[in-house]
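Colleague: Please put the model up. I would like to go through its aromatic contacts and one of its strands.

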Amino acid sequence: MDTQELQILKNRFGVIGNDLQLNHAIEVAMAVAPTDLSVLVCGESGVGKEVLPKIIHQYSRRRNGRFLAINCGAIPPGTINAELFGHEKGSFTGAVSERKGYFEEADGGTLVLDEIGELPKETQAMLLRVLQDGEFLKVGSSKVEKTDVRIIASTNVNLEHAVATGKFRADLYYRLSGVRIDLPSLRERSKEDICLLFRKFSSDFADKFRLCKFSLTHDAVGLLTSYRWPGNIRQLKNVAEAATGILSKPASTITERIEVDAAMLSPFIPAEKDELLPALAAPSGGGQALGSEDKQMIIKAIFDLKNEFVRLKHEVDLLKSGVREEQGVAKALPVVHSGPLHIEEEEPEEQGGEPAASVPAEDVEVQANTNLKNVSDILIKQALERHGGKVSSAAKELGISERTIYRKIKQWKEQ
């Protein structure tokens, strides 16, 4: 499939983006579509797994048959067998008449089983029989029924782990995963795709309610692409629509646009959860606990201070021994590596009554009564000053995301 054909296909099914993993998934779906093989579509919640089954069905020999998509996780375990395979009259309380199941309704077509990992073990055994022989039993019946259905399953859970823990049948997994298609999460896709999706969702929302469209600044684009998007495309769409609905205004002309920068967009993007470091309890004074990036930044500053202390002490020792040269000292300086945090106290110098080397205060001016929250604010402000207010450079130096700095700036303005 060449680039033009692929783009036509994506336009037809509303697929946005040019990420290589996404393109590969679509190409595999197109390749397997003419066959009757079962397909397993895997990916996190919100990545758009529902699109691939539609593509497979439309380009299969079953395109004129029925296309049914069932969410297995939304059906109660007690009724799922009756929903999938049908039931006879009087087979259970409330079964006042005979009813066809989804496998019978989709005969000759395609049946999509979303959240396949939620199926009860009994239902998994019945599904395996359908896949192998095309046979099933209605609830309350002993008559074997036949069906000709293509199964496409999808899941956002790790089925290999479910098999290992006994929650999913290994034989059913192997039967389903003969053709497996993995869709990438939004954070795994190219940054250009994130911007394309945001602009599409925002533009569609603006057209629907006759609002001004957005023009994103460079720092707003950086904010979008640096966020991890745990909710994937679904979350990005909600953020785009919320931002458009609140920040925009009724358009007086079709070409009128609103420029949105990172500070305006930041309130619509949820704060990322602490993952790398353990959370600190809130101070007794009622202050807020430090975030993950605040803690990383403070630890980095501690190691930088330790390195500076060791460097200065080393120079003092060289001066005393008379072996310091005019150049090349830095090559021999020891470095403290950022492993487990362990800073030993240095013994004061006794010879000649000279004081021990002190830590310079030009970069981090922290007094004894300054709390940790103020330390992170000081570090960010000084990094911004060193880089002339450029957020991206300051964030890179401190090893934090640009969004954290924008959040701090917003907090300072509100104080």
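Modeller: Phe85, Phe103 and Phe136 form one aromatic cluster. This is a predicted model, in which local features need pLDDT of at least 70 and side-chain atom pairs count only at pLDDT 80 or more, while totals for chains, interfaces and linings use all residues. Residues are numbered from 1 along each chain as its sequence is written, and side-chain values use heavy atoms, without hydrogens and water.

Colleague: How many aromatic pairs does the structure hold?

Modeller: Rings of Phe, Tyr and Trp (its six-membered ring) pair if their centres lie within 6.5 Å; planes under 30 degrees apart count as stacked, over 60 as edge-to-face and the rest as tilted. The number of aromatic pairs in the structure is 6.

Colleague: Are the rings of Phe13 and Tyr59 stacked, edge-to-face or tilted?

Modeller: Their centres are 6.4 Å apart. The planes make an angle of 50 degrees, so the pair is tilted.

Colleague: Is Phe13 buried or exposed?

Modeller: Buried means under 20% relative accessible area, exposed over 50%, and partly exposed in between (1.4 Å probe, protein chains only). Phe13 has a relative accessible area of 17%, so Phe13 is buried.

Colleague: Which side chains of strand 9 point to one face and are buried?

Modeller: Strands (E, at least two residues) are DSSP runs, numbered from the N terminus. Strand 9 covers residues 257-260, and its side chains alternate.

Terms used. Helix = DSSP H or I, 4+ residues; strand = E, 2+ residues; numbered from the N terminus.
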